[in-house]
Amino acid sequence: MAPKEPDGRDMVWRKANAELEKKNLQPTLKGFKAAPPGGGGSVMVWGWMSASGFGELMFVDGVMDKMKKSNTETMNNVNDASELNPWPPFIEERLDLWDKLMAKYVAEIESKEHNPISITLPDGAVKEGLSWKTTPYDIAAEISQGLADNTVIAKVDDELWDLDRPLVKDCKLSLLKFDDPEAQAVFWHSSAHILGEALERTIGGHLCYGPPIHSGFYYDMFTPTKQVSSTDYPGIEQVVKKIVKEKQPFERLEVSVDDLLEMFKYNEFKVRILKEKVKTPTTTIYRCGPLIDLCRGPHVRHTGKVKSFKVTKVCEYVTHNLVYIQLCMVF
């Protein structure tokens, strides 16, 4: 755009002592009905921002009428109105019990002896470490930071293993990237947990199952009153953006079934799983941010590993006389 002086002279930006190029006098603002012949003129641009993010710019062609203003204000309100305030009370109650159980676990780990162990890589190379201290991520970073950053999940003696979970004995270690089918399933599973957290924070329902599927994942959620539709997608996606930006670590904890029955007493679906599916005295849960869920794992290191996302589908189905909401998302 070529600005003008009050007396009508054209102005251009150029470096000191640089020769004037006539092409710099050509107006560059084009494509708007209000522009005079040859370009120039003005355009109205609306946008929004809040403490939690920015919205897209909206170019207004013509007059800002009532409908356009209403649509723009709706866009402005999507981000601020996306989260429940306050969150459902079960979230804080769940976190309080987690803190107590995690403190006990940390004390147990700190009491373990750190004995020398040998970690054998697929190429036969052997790395040295300490039991209950050295992690697969430590080994990957020792080889190269690029390898550590690109590894999705570890495999220890044929068992999938969190990258930040300490190794406990001599073992064989493989570092799996996204091109490995098992790593892809872990990635989708972690993505489902991100979706689950967003659903609790926006809809407030009770989560049921959130498994990975081929090239994606879904999460079942019970909502006794609210109906979920495509109009909820933008709010859910905005919260997912926050979760990803925060790089929330995935934390693993092994807990007794009795403690878990107390933690999930608000959710009859989790209670049913604990009573009908879990056949051992203890099982594992995973946390990312305020979400805590029954899960065998493993998971990616943190939520920031997920780079793009889109809610694609919502459907309802009835079972046990209850209506479930199923949301599908692709990343």
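Helix α5 (residues 181-202) and helix α6 pack with their axes 9 Å apart and at an angle of about 120 degrees. Helices here are DSSP runs of H or I with at least four residues, strands are runs of E with at least two, and both are numbered from the N terminus. The axes are lines fitted to C-alpha atoms, for helices over the stretch in contact, and the angles run from 0 to 180 degrees between N-to-C directions. The pair is therefore oblique, since angles under 35 degrees count as roughly parallel, over 145 as roughly antiparallel, 65 to 115 as roughly perpendicular and the rest as oblique. From α5, the contact uses Ile 194, Leu 195, Glu 197, Ala 198, Leu 199, Arg 201 and Thr 202, and from α6 it uses Gly 235, Ile 236, Val 239, Val 240, Lys 242 and Ile 243. Contact means heavy atoms within 4.5 Å.

Before going on, a word on the model. It is predicted: local features need pLDDT of at least 70, side-chain atom pairs count only at pLDDT 80 or more, and totals for chains, interfaces and linings use all residues. Residues are numbered from 1 along each chain as its sequence is written, and side-chain values use heavy atoms, leaving out hydrogens and water.

Now look along α6 itself. Its 14 residues (233-246) should span 20 Å at 1.5 Å a residue, and the end C-alpha atoms are 20 Å apart, which agrees. The expected span is 1.5 Å times one less than the number of residues. Of these 14 residues, 10 are buried, where buried means under 20% relative accessible area, exposed over 50% and partly exposed in between (1.4 Å probe, protein chains only). Among the buried ones are Tyr 233, Glu 237, Gln 238 and Val 244. After the helix comes Lys 247, which has a positive phi near 50 degrees.

Apart from neighbours within four places in sequence, Pro 290 touches Trp 87, Ile 91, Arg 94, Leu 95, Glu 197, Arg 201 and Gln 248. Ile 91 is 199 residues from Pro 290 in sequence, yet their C-alpha atoms are 6.6 Å apart. Pro 290 counts as buried because its relative accessibility is 9%.

Stepping back, the protein has eight helices and 17 strands, and 42% of its 331 residues are buried. Cys 171 is buried at 6% relative accessible area, as is Cys 208 at 4%. The structure holds zero disulfides (pairs of cysteine sulfur atoms within 2.5 Å).
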